[in-house]
Amino acid sequence: MGKYEDLAKEIVKNVGGKENVSSLTHCITRLRFKLKEESRANDDVLKKMEGVVTVMKSGGQYQVVIGNHVPEVYADVLPLLGAEDESPGNEDDAPSGSLFNRAIDAISGIFQPILGIMAACGMVKGLNALFVAIGLYGDTGGAYLVFNAVGDGLFHFLPLFLGYTAAKKFRLKPMIGLVIGAIMCYPAVQNSALSQGGEALYTLFAGTMFESDVYTTFFGIPMITMDYTGTVIPVIFVVYFASKCERFFSKFIPDLVKFFFVPMLTLLVAIPVGFLAIGPVAVFGSTIIAEAVISVRNFSPLLAGAIVGGTWQILVIFGLHWGFIPVYINNIMTNGYDNVMMPFFACTFATSAVVLAIFWKTKDKKLKEMAFPNFISGIFGVTEPAIYGILLPLKKPFVISCIAGCIGGGFYGAFNFRKFMMGGMGIFEFPAMIEPDGSLGNLIVAGVGVVLTMVIAFTATMIFYREDAPAAEEPAEPASESVLEAKKTETSAQQKEKQLVNRLEIASPIKGKVVKQADMKDEAFGSGALGKGVAVQPEEGKVYAPADGVISALFPTLHAIGITTDTGAELLIHVGLDTVQLNGEGYRASVSEGDRVKKGALLLEFDIALIKSRGFSTETPVLVTNAEDYLDVVETSADRVTAGDELLKILN
């Protein structure tokens, strides 16, 4: 527990206690509770509590407004609710938004924890194949056997790992997920055909792509025997079903025996359903995906590769590339190679080459300092720093990298470029491109594609990228006699005021109608308890830097951003009210926490129509949160502002 332990205890007590809390999250200023019964919360006590600004009720949430130190209070509240690293949750805590967005969120949450170790194991497997190909050792000795075990172990028992990560994502006890993965790899189940002497009882779906032999039954129900080792999709769906079973049984089993009865009943229901229905259907679904992908490639391999290469970086920006990771893994596990998603390999080197050209060409010292490390990072397969830090802000280089990636992807598609095993990133992927028989034809295609892509990207950047010249200062016009006379007649009182009061101007970050603080819809912002300022009713979905400074806070859901200006003012821009509930949908950031920004730089983009369609207000408070450090904060007298117009004046 931290320094807010006493406050945390009082908050939990007055929201009705631990047993009244369904879930807890927090945004940049508030603890957001989902309470089972809001009537049990003591509103008046919480509002008067030292350390609490006020209490709000909105969007089905009971919001306790804390202020900027809400993360520390949140960390002290969690243990009191019986949650160490995540809030207590139920089936209603799934990410909001469209089905597609929820699917992307689930896929990324399941695969991200193991991607690093998958890459490591894949690199070992690729290097093992390379060393055999060049004759360093044979494929029958102990060295090959041990290194192959390192490379193959994770992929052979992949359902165990995915069972664990999927359980954490779907809020099932992780150990149950791990057990489900182990059961799906259980040798006796996989080899049930041998127990029948290899003779099938009968065949289902004969004459179709789903034709399956049945060797055994489960209480008379045909059980299609499938080898789930190394598979991806079946275990995820079985674990999801098990998570529903666990929550169902938890409602009825007495606490005295819940510890072992709930897991037992969960497994007794989920595993038979998994083997009889979920597993086969998931495998059939994988078969359909594979056939569909092959049909697209059969139509035009060049076009298919160009589409992947040209769009991959755009998918990365929006996080949509996670939706294709299972296809990529499924192809390798099912077919022994992937030639569908691999054209994205060109994008890595297109990005690196563009950044190298910028390093070569730019005269901006800060940009040059950023470019070379990002080039090295890109060569090693990590392109996000280059995309977000350089290419997107400069715009044209990003377009060039996409075009070069498209051309390289088309080349890879036309020459049936393949990857035969998981593992590695960037240049470390090359060993995985050696064909199983040791031939190097596919590896040569990989190398030629990299050279082609990098030459195109580098050359195009050198030709078409033009660095903006610094704006020349216009020569000052000679002061007129009347102006000189006015300066002479300036009163001593005015001169004294100038010495005592320093005016710091804060520009409007958004174009729109000005809303005075007293008229704000949100009580916490309107009361001035969180800082002084105004709100803007936006007419354009873009947020620009209101002053030179550093991004001191960028909330994960991107709805709120904090800036510490070079003059010391701490600013909060909160795009919309209660928009934390969108979980980032409709928002796109152009900066990261810790970035230094210049006044007028684009910080954030947001979809006004989407926010309104979800029932949220787009009113955007712009507050000086450390206003108590200054003499006063004076708001603009204008009714409407354009981004860059003076919005606030801080008197120091």
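**A buried leucine and its surroundings**

Leu78 counts as buried, at 5% relative accessibility; the threshold that applies here is under 20% relative accessible area. The model is a predicted one. Leu78 belongs to helix 3. In sequence, Leu78 and Leu24 are 54 residues apart, yet their C-alpha atoms are 8.2 Å apart in space.

Helix 3, residues 70–80, is also one of the elements against which the buried residues of helix 1 pack. The others are strand 2 (30–35), helix 2 (43–48) and strand 4 (61–65). Within helix 1 (residues 5–14), the buried residues are Leu7, Ala8, Ile11, Val12 and Asn14. An α-helix has 3.6 residues a turn, so residues three or four places apart point the same way. Among the buried residues of helix 1 are Leu7 and Ile11, and also Ala8 and Val12. Just after helix 1, the backbone at Gly16 adopts a positive phi of about 105 degrees.

Helix 5 (residues 142–156) packs against helix 6 (residues 158–169) at an angle of about 55 degrees, and their axes are 5 Å apart. The two helices are therefore oblique to each other. From helix 5, Leu154, Phe155 and His156 meet Leu158, Pro159 and Phe161 of helix 6. The residues of this contact comprise five nonpolar, one polar and no charged.

Strand 6 (residues 212–218) and strand 7 (residues 221–224) pair in the antiparallel sense over four bridges. Thr217 has Pro222 in strand 7 as its bridge partner. The two strands form a hairpin with two residues between them, and Phe219 in the turn has a positive phi of about 50 degrees.

Glu246 sits in helix 10 (residues 233–250) and has a relative accessible area of 5%, which places it in the buried class. Apart from neighbours within four places in sequence, its contacts are Arg171, Leu172, Lys173, Ile176, Val262 and Thr266. With one of these, Lys173, the side chain of Glu246 forms a side-chain polar contact of 3.4 Å. The C-alpha atoms of Glu246 and Pro263 are separated by 7.0 Å, the two residues being 17 residues apart along the chain.

Glu429, by contrast in setting, lies in a loop, between helix 17 (396–414) and helix 18 (441–464). Glu429 is buried, its relative accessible area being 4%. A polar contact of 2.6 Å links the side chain of Glu429 to that of Lys419.

Finally, three strands form an open sheet in the order 11-17-15, with antiparallel pairing. From one strand to the next, the twist averages 15 degrees. Strand 11 is joined to strand 17 (residues 602–606) by three bridges in the antiparallel sense, and Tyr544 stands opposite Leu602 in strand 17.

Methods:
Residues are numbered from 1 along each chain as its sequence is written. This is a predicted model: local features need pLDDT of at least 70, side-chain atom pairs count only at pLDDT 80 or more; totals for chains, interfaces and linings use all residues. Side-chain values use heavy atoms; hydrogens and water are left out. Two strands pair if DSSP finds at least two bridges between them. Buried means under 20% relative accessible area, exposed over 50%, partly exposed in between (1.4 Å probe, protein chains only). Contact means heavy atoms within 4.5 Å. Axes are lines fitted to C-alpha atoms, for helices over the stretch in contact, and angles run from 0 to 180 degrees between N-to-C directions. Angles under 35 degrees count as roughly parallel, over 145 as roughly antiparallel, 65 to 115 as roughly perpendicular and the rest as oblique. Ala, Val, Leu, Ile, Met, Phe, Trp, Tyr, Cys and Pro count as nonpolar, Asp, Glu, Lys and Arg as charged, and the others, Gly among them, as polar. A polar contact is a pair of N or O atoms within 3.5 Å; within protein, one must be able to donate a hydrogen and the other to accept it, and residues adjacent in sequence count only if both atoms are side-chain atoms.
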